[in-house]
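Dear colleague,

I am passing the structure below on to you, and my notes on it follow. Please read them with the coordinates open beside you.

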There are 2 protein chains.
Amino acid sequence: MYAAMGALGLAPSEQDKEFAAPRPGDFALRGKGAAKVVILGAGVAGLTAAYELGKAGYDCTLLEAREKAGGRNLTLRAGDRLTELNGPAQEVTFGEGVYFNAGPGRIAPWMVTLDYCRELGIPIETFVNSNAAAYVHTNGQTMRARTARADMYGYVAELLAKATNIGALDKAITGDDQERLLEFLRRFGDLGPKLEYEGSERRGFTKFPAIDTGTPLQAPGPLHQILAAGTGRAITNDFGYDQATPMFQPVGGMDAIVAKLTDAVGQDRIRTGAKVTKVTTMADGVEVVWDGGAIKADYCVAALPPHVLAKIPHNLGAQITTALATPVPVAAGKIGLEYGTRWWELEDRIYGGVTETDLDITHIWYPSHGYHSERGVLVGYYNTEREAELYGALTPDDRRRRALTQGKKIHGEKYRQNILSSASIAWHRQPHIQGGWVRWPAFDSSFTLLQRPAGRVYFAGDWLTHLIAWQAGAMESARDAVTRLHQRVLRSP
Amino acid sequence: MYAAMGALGLAPSEQDKEFAAPRPGDFALRGKGAAKVVILGAGVAGLTAAYELGKAGYDCTLLEAREKAGGRNLTLRAGDRLTELNGPAQEVTFGEGVYFNAGPGRIAPWMVTLDYCRELGIPIETFVNSNAAAYVHTNGQTMRARTARADMYGYVAELLAKATNIGALDKAITGDDQERLLEFLRRFGDLGPKLEYEGSERRGFTKFPAIDTGTPLQAPGPLHQILAAGTGRAITNDFGYDQATPMFQPVGGMDAIVAKLTDAVGQDRIRTGAKVTKVTTMADGVEVVWDGGAIKADYCVAALPPHVLAKIPHNLGAQITTALATPVPVAAGKIGLEYGTRWWELEDRIYGGVTETDLDITHIWYPSHGYHSERGVLVGYYNTEREAELYGALTPDDRRRRALTQGKKIHGEKYRQNILSSASIAWHRQPHIQGGWVRWPAFDSSFTLLQRPAGRVYFAGDWLTHLIAWQAGAMESARDAVTRLHQRVLRSP
């Protein structure tokens, strides 16, 4: 019964069940002392590892090269100072209560991240990842997402209805199924009585119904025009299992996760500003040298990005060296634009969500919190690879200027007005991180090699999972490393 | 430029611009005293009328037959007592902080309701109206919405791609457009290299990707099976302009709108328990008799349901009598089921949203607030017409029993376990309301007749708009009545 439910997608995710967190009694029952673990990196993977190991009393020390814990889980607020490799520092001057998630910004409900929010008592709220009222900007044209979707669906339905009715599907499906299909298409495309797409109220209105029936948008262009608009990518953006509605965010900023993990682990266990320079695995332990000293421990969890780890001398062997150098860092960038008025709500009636574009800004995100408040931060670009490198190479002022020029194509002149401040990040220029995430040329033996320990060194990070670029990946990887490490410790004589 | 933007759906809704609220100086500037208005009904329409008239200093009195203001905007909490016509009363025993919006529960972002939330300082949060992880239950089968959608889209894309490739569209569209169409279909249906639907990760997983690539659901059934499942209505439920993602709700309960409007109007202006028995329009004013007295005023705003108004003797003429009797009350019902654990979050990973069914419960709503808290209220049915009459005719206990039997078909035995309390409403059995909303056989001369005043009596309510069953309709209608009334007062000598 349960297996059958699983096949139908009815059973709960097994994610949780697989992980049995270390427990306080695990050592005492076996008459052992708690092992000592040094963790490289206090990003989400490192913090999660420390948190889970801490449940059984492991003596963890985290070495973090940056000035504070969290890694890419970075929320910027007034008073923060953001430095970049080979670039000027930015002082963040947002208003009180205003924040900008410069790293991860959304959580899918099936992800383990949400379990940590629950366990750590972090309140969550909806992240609006799809908004019918947001825009699609492609090939120089701007329209509401609802309009783009209604037109594509309408014409697809009309074309398939036509093909059905001229007998093109007669060999493929029965007459009864054709009837069922036509019934679906009528609904799916909002087709007229002749099964033709003549526009639809789903496209939107210049004046919504109220006392009268309202003023629908003018009729859609012909199919050729709709296809030429090229909105396909934009309107299917939320189809993926990782992007589907609804998504979530911690109330008050993503770094609530960092704050709560840090509290649970103990701030005193995290040594910041500590850059690791050497890792040595030995028969009876590990030694980690950092720029302010050295530390000996029973085990090590290396939770740094692979391209950063790859530069640290070690004795883990040539295969490890090669494997660590395999994944390719991917550039990623974001800008937060703080406005003195939430014109996107007041004028555009856009409450959260994403405008998809084919411009180099790629996306504009509208905040999913603080609705109707005085100020708000838009994400003016969130781009990767070539576009992120392009923006990242600019000064912060020039990034902002370029982002505003692009956004104006969608929102008009108001996009450049009433801006109070901004902050931009180029993750590939962030000290000790140097990338938004990584891309594996193939999930090959290098990938699986690093999922296993090398001597007494365990690796952890989103880059060791199939959830790359998600905090859930970092957490899942940390859980896996913790499980392997803890089992070994309990097994060891 | 602005007109062009409007055509593209870029300009803000004109809803706001059309309404110029009465202002404090309107009377003083013209050397007039404030007029006196008696308002029948302190539902959302009556309260909005009083609120807007109050801005110019009108002396408003609201007569409300029920024990408290709000009408169908009703949020039930511990300590509330819900009476029904010809039925037992229910004592609401939800836990502290738990609530159930027994009436309206969601707001589309373009609706004027959100403007009132902003103006009145009512915090809002997302109402999840579409959830890929919620279920679709049709023809005895249950699957996740994401699965139902992926399969229908996949096969529709495959069929149209096939029809295109055998030349069925050659007369309809050019080769270039066929290429564009195929590119879209590949993306839309997640088709394989042969443009066939072979399943998709969009369907979901029994184990989501993490350390490994996860375990996708087993392959989809054949097209015949997918069509026979009849999920079409369920997966297009959020396509309408009034149901599209995202939607919103006031934090803490929908009745925050009632509370804030009441505060603004002045509780002392609302006489509850006052049933109107006669309305007389005269040359110089109106007289309204209620079961505890009579009141004279300059004007009247009749903001009761039409079928309730139709039973009150008046001197407004036979046409008005006929018109008021034209709209047909529609039955609507809801049940709130309070559970001691939020199993839908913990086990099903459903955070808010709606499961669509072809059962008589029609929908199950999961709460879009209080995530991860201890308790929660599901809406176990929200049905109308025949189904609402069926449930409404049962005792509260039997409604609950039936709702649980139906919900068990989707969620299994846990649906009947750990229930702490419940409360159900049959709107057609609510005193002085007697219907969920109304249906006009046609928006004909009776409809437009009542949009205009009859003597000194103005009508207001969602039933006088094309937003029937929405609070926005009540508010828009109230604004229209207020505008007409105020213009007349300012014009009068």
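**Notes on the structure**

R349(A) lies in the loop that runs between helix 13 (343-346) and strand 20 (353-357) of chain A. Please bear in mind throughout that this is a predicted model. The phi angle of R349(A) is near 55°, which is a positive value in a residue other than glycine. Most residues other than glycine have a negative phi, and most peptide bonds are trans.

R349(A) leads on to the interface, and I describe that next. Chain A and chain B bury about 8500 Å² between them, and 67% of this area is on carbon and sulfur atoms. On the side of chain A, the residues that lose the most area to chain B are I211(A), Y241(A) and R349(A), which together account for 9% of what that side buries. The contact draws on 92 residues from chain A and 92 residues from chain B.

D115(A) forms a salt bridge with R349(B), in which the closest N and O atoms are 2.7 Å apart. Between chain A and chain B there are 14 residue pairs in polar contact, with both residues at pLDDT 80 or more. The side of chain A that touches chain B is made up of 51 nonpolar, 21 polar and 20 charged residues.

The peptide bonds also deserve a look. In chain A, T245(A) and P246(A) are joined by a cis peptide bond with omega of about -5°, and P246(A) sits in the loop between helix 9 (232-235) and strand 12 (247-250) of that chain. In chain B, the peptide bond from T245(B) to P246(B) is cis, with omega near -5°, and P246(B) is found in the loop between helix 9 (232-235) and strand 12 (247-250) of chain B.

Finally, there is a helix pair within chain B. Helix 5 (residues 112-120) and helix 17 (residues 471-491) of chain B pack at an angle of about 80°, with their axes 8 Å apart, and these two helices of chain B are therefore roughly perpendicular to each other. Helix 5 of chain B contributes V112(B), T113(B) and Y116(B) to the contact, while helix 17 of chain B contributes Q471(B), A472(B), M475(B), E476(B) and R479(B). By class, this contact has 4 nonpolar, 2 polar and 2 charged residues.

With best regards

How values were computed: Residues are numbered from 1 along each chain as its sequence is written. Chains are lettered from A and ligands numbered from 1 in the order in which they are written. This is a predicted model: local features need pLDDT of at least 70, side-chain atom pairs count only at pLDDT 80 or more; totals for chains, interfaces and linings use all residues. Side-chain values use heavy atoms; hydrogens and water are left out. Contact means heavy atoms within 4.5 Å. Buried area is the accessible area (1.4 Å probe) that two parts lose on being put together, summed over both. A salt bridge is a side-chain nitrogen of Lys or Arg within 4 Å of a carboxyl oxygen of Asp or Glu. A polar contact is a pair of N or O atoms within 3.5 Å; within protein, one must be able to donate a hydrogen and the other to accept it, and residues adjacent in sequence count only if both atoms are side-chain atoms. Ala, Val, Leu, Ile, Met, Phe, Trp, Tyr, Cys and Pro count as nonpolar, Asp, Glu, Lys and Arg as charged, and the others, Gly among them, as polar. Axes are lines fitted to C-alpha atoms, for helices over the stretch in contact, and angles run from 0 to 180 degrees between N-to-C directions. Helices (H or I, at least four residues) and strands (E, at least two) are DSSP runs, numbered from the N terminus. Angles under 35 degrees count as roughly parallel, over 145 as roughly antiparallel, 65 to 115 as roughly perpendicular and the rest as oblique.
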